[in-house]
Amino acid sequence: MATQDSEPKPPRAQTDEGLRVEREKSDKEYAQRQSAIEEGSDAAIGKARAQADESLQAARDTADARRARNAAPLARETLTRERAHEDAALQGERDTADAELQDEREERLLALAALLHLERAETDLRLSGERASADEALATRDHFMGMVSHDLRTLLGGIALQAALLKRGAAEDEAGRRATAAAEKIQRFTARMNRLIGDLMDVASIEAGKIRVAPALQDATALVKDSVEAFQPLASAQGLTFDVELRGNTLMAKFDHERVLQVLANLLSNAIKFTPSGGRISLRVEPVDADVRFSVADTGPGIPSHQLEAVFNRFWQARSEDRRGLGLGLYISRGIVEAHGGRIWAESGPDQGSTFLFTLPGAPDSAT
């Protein structure tokens, strides 16, 4: 089975797209504002010219009335030609002024465009430099985490092995029973530490857009069975009822069994942790359109509506004083589900319980 990376959706691409959109928006707003200013300026010039033309025509009409009776026809024709030349000269000056104003506006726009280009080029250069530094830091961090996680898991494996040997060699007396109980505690602690290391590595992979899944077409029923076997005893120990409901004739979907089992483990462990004794937890799987939808519902205290998106953030905790974990489970679950091409979300309300749902791509028509 070939392993594949999730389809990358790097924040940098979103940043670049957002920067491009904002720049286009700024350019458009400036162009609109500049056009409004120029239109206002042109309107003011036109109004002033119209008033000047009216004043000039009124003065000419007054002068014509005074000498209309005494002027000879030839003199009136000469005056008309002179005024025509004056009007043509005035219009020529106005055309020249308009052309100069337009040139000035175009030069100003070119100067501004050049300035914006330089500033944006400098911004892009700085952003590129910061990204290169961040890439180097992330590469160093990932290399360090890889070495540390490998060494820690090796040490934890040794501790777990020694605990197993102590447990196997314990006598049947009271001292042996105490040794067995201590060895079992060591095994639980090492298992929790190993899961924590795995979570931290998953977070680093998700942030780098390299969370790896190996999806294959398979029946989700086996996945549900594994989840029930793992969490039914824990739910019973907490005094909770655990219901399972499988709907539909087929639950074939394309998914990575171990990875989706990890998602269900996160959702079910949270439901058990936050549901009071006597409550109920429900796991439902059903086909919805072209997908298979999983839902984990509980009768716990619920989640306020304004936090339904925040619960999938890194290090989110339902209560600030609650330190049962680092708040990485839902963040990792979202990364795994999205790597499959699915979607995960929460539905809840105060004192109404919570329901976490996610979808996985169902079987294509050709395979059903």
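Leaving out residues up to four places away in sequence, Ile-281 touches Leu-240, Thr-241, Phe-242, Asp-243, Leu-268, Ala-271, Ile-272, Thr-275, Val-296, Ala-297 and Asp-298, where contact means heavy atoms within 4.5 Å. The model is predicted, so local features need pLDDT of at least 70 and side-chain atom pairs count only at pLDDT 80 or more, while totals for chains, interfaces and linings use all residues. Residues are numbered from 1 along each chain as its sequence is written, and side-chain values use heavy atoms, with hydrogens and water left out.

Ile-281 is also one of the residues with the most contacts inside the largest nonpolar core, which has 44 residues; such a core is a set of buried Ala, Val, Leu, Ile, Met, Phe, Trp, Tyr and Cys residues joined through side-chain atoms within 4.5 Å. Helix α5 gives the most to this core, with 7 residues.

Helix α5 (residues 257–274) packs with helix α4 (residues 220–237) at an angle of about 30 degrees, their axes 10 Å apart. That angle makes α4 roughly parallel to α5, a term for angles under 35 degrees, and their crossing is right-handed. The residues of this contact divide into 11 nonpolar, 3 polar and 1 charged.

Leaving aside neighbours within four places in sequence, Asn-266 is in contact with Gly-329 and Ser-333.

Definitions and conventions
Axes are lines fitted to C-alpha atoms, for helices over the stretch in contact, and angles run from 0 to 180 degrees between N-to-C directions. Helices (H or I, at least four residues) and strands (E, at least two) are DSSP runs, numbered from the N terminus. Angles under 35 degrees count as roughly parallel, over 145 as roughly antiparallel, 65 to 115 as roughly perpendicular and the rest as oblique. A crossing is left-handed if the near helix is turned anticlockwise from the far one by less than a right angle, and right-handed if clockwise. Ala, Val, Leu, Ile, Met, Phe, Trp, Tyr, Cys and Pro count as nonpolar, Asp, Glu, Lys and Arg as charged, and the others, Gly among them, as polar. Buried means under 20% relative accessible area, exposed over 50%, partly exposed in between (1.4 Å probe, protein chains only).
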